[in-house]
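Please keep the sequence and the picture in view while I talk.

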Amino acid sequence: MRVALWTALRGLRARAGALLLTVLAVALATATALVVPLVTRQVERGAQDAAQVFDLLVTAPGSGTQAVMSTLFYLDVPIGNVPHRVYEDLRTLPGTRRAVPIALGDNYAGFPIVGTTAQFFDQRLKPALPPYFRVAQGQVFAREHDAVLGARVAQAAGLRVGSTFKGAHGLRDEADHEEGPGGESGDHHDESYTVTGILAPTGGPVDRAVLTPIETVWEVHGEGAQASREVTAVLYSAENLAGIYTVAQRVNAGRDAMAVFPGQVFAQARNVLLQGQAAYTALSVLVLGIAALTVWLSVYASGVERTKTVALLRTLGAGRATVFTLVLVETGLTVALGVLLGLGLAVLVSGVGGNVLGAQLGFTLAPPELTWALASRALWLIPLGLLAAVPPAVHASRLSPLRYL
């Protein structure tokens with residue numbers, strides 16, 4: 001065995017060019033098979049972490065996915081508004097822990113301006129835990145046109161506590177706005193917001209939100225009268241789990257609003273992703289099969305090159321088993337090196353891709369998590385490579401030294 005290992009290492013060193021190509025082929029196949037599952041799991045974990053603080057979402061009737069994407073992640077256009085009385089009914093309902101209104105419609109430099117109440121900052125993952133959103137600088141808004149900035153807004157816009165800015169109509173910063181005499185866009189509102197606080201980063205979508213009293217949004221959009229007021233959504237939490245389900249059934253029984261459990265929406269989205277992953281798994285098997293074929297070709301080609309070496313070994317007394325082992329050891333080392341390089345490459349690409357995707361989605365994705373189940377997909381290449389090396393190994397072990405010396 002020691003002779004086979006020593007000879008294998010010397011042989012690999014002598015064929016460094018071919019070894020490098022084979023290792024790269026195996027590494028790329030391994031990375032291709034793992035990158036998409038790794039990034040998908042990052043998105044799942046990031047989305048669940050970002051929305052876990054919200055128990056029940058009440059919006060205008062429509063798509064549950066659009067409701068979550070628009071009012072929790074600010075990535076889509078809201079379905080519509082619900083009458084103010086829906087919020088009042090939920091707020092005064094017995095068993096209600098919190099009913100937090102959300103009003104959307106304006107933005108600052110592309111960041112959504114979210115009208116809400118001070119109860120927004122009292123939301124918690126569990127009743128015994130501290131508030132999920134913590135003001136790192138300044139304080140919570142107290143008057144109309146006060147604003148609390150998410151951490152990413154403050155960093156990107158360079159705003160501090162005491163800074164002022166003007167919001168613009170619409171959910172996104174339109175580049176084709178007409179410029180006014182003062183350099184302001186034609187869609188900018190006249191009254192300025194004053195920054196009173198900056199939130200600590202959470203890694204969630206609120207990091208890129210501007211929070212202001214909901215009365216500000218009503219006043220800006222001419223909804224000062226009680227009868228004309230509307231809200232985009234209500235974040236609802238009850239004293240117990242049964243209360244949440246009871247309220248959801250009650251809301252969905254009416255026509256004015258729709259109750260959505262963010263967790264159920266993510267579960268549905270996950271099922272869709274799993275269907276896509278099934279197709280990708282089939283593609284991954286094909287890619288790994290191509291890699292195994294590449295290994296076979298490499299072993300076959302190296303078998304031709306090592307003919308004289310094998311003949312010399314046989315002349316020096318090496319048995320057929322030693323030659324057979326030599327070929328398998330060379331192949332095993334090559335494939336193992338390629339798989340290890342591929343695992344590292346998959347984690348690296350997933351980490352970079354996850355950061356880019358997280359910036360687009362508006363929440364931070366957790367680092368890629370390479371589980372044993374995922375790694376084992378690539379590790380199957382090692383026995384496949386050894387299996388592909390068996391015919392060349394048998395052929396090499398049967399070579400006659402007299403024919404090549």
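Let me begin with L24, which sits in helix 2, covering residues 16–51, where helices (H or I, at least four residues) and strands (E, at least two) are DSSP runs numbered from the N terminus. This is a predicted model, in which local features need pLDDT of at least 70 and side-chain atom pairs count only at pLDDT 80 or more, while totals for chains, interfaces and linings use all residues. Residues are numbered from 1 along each chain as its sequence is written, and side-chain values use heavy atoms, with hydrogens and water left out.

L24 is partly exposed, because its relative accessible area is 38%, and that class lies between buried, under 20%, and exposed, over 50% (1.4 Å probe, protein chains only). The C-alpha atom of L24 is 9.9 Å from that of T334, although 310 residues separate the two along the chain.

As for the whole protein chain, there are 13 helices and 12 strands, and 46% of the 405 residues count as buried. If we take contacts (heavy atoms within 4.5 Å) between residues at least 6 apart in sequence, 79% of them join residues at least 24 apart.

Now to the salt bridges, each being a side-chain nitrogen of Lys or Arg within 4 Å of a carboxyl oxygen of Asp or Glu; a search of the whole structure finds 5 of them. One joins the side chains of E88 and R91, at 2.7 Å from N to O, and both residues lie in helix 4 (residues 84–91), 3 residues apart, which is about one turn of the helix. R91 counts as partly exposed because its relative accessibility is 42%.

Another salt bridge is formed by E239 with R97, whose closest N and O atoms are 3.4 Å apart. This pair links distant parts of the chain, with E239 in the loop between strand 11 (233–238) and helix 7 (241–253), and R97 in strand 3, 142 residues away. D122 and R124 also meet through their side chains in a salt bridge of 2.7 Å, N to O, and R98, D122 and R124 are linked in a network of salt bridges.

A109, although not a glycine, has a positive phi of about 55°, and its place is the loop between strand 3 (96–108) and strand 4 (111–116). H145, also not a glycine, has a positive phi of about 70° and is found in the loop between strand 5 and strand 6. Is H145 buried or exposed? H145 is buried, because its relative accessible area is 9%.

At 42% relative accessibility, E144 is partly exposed.
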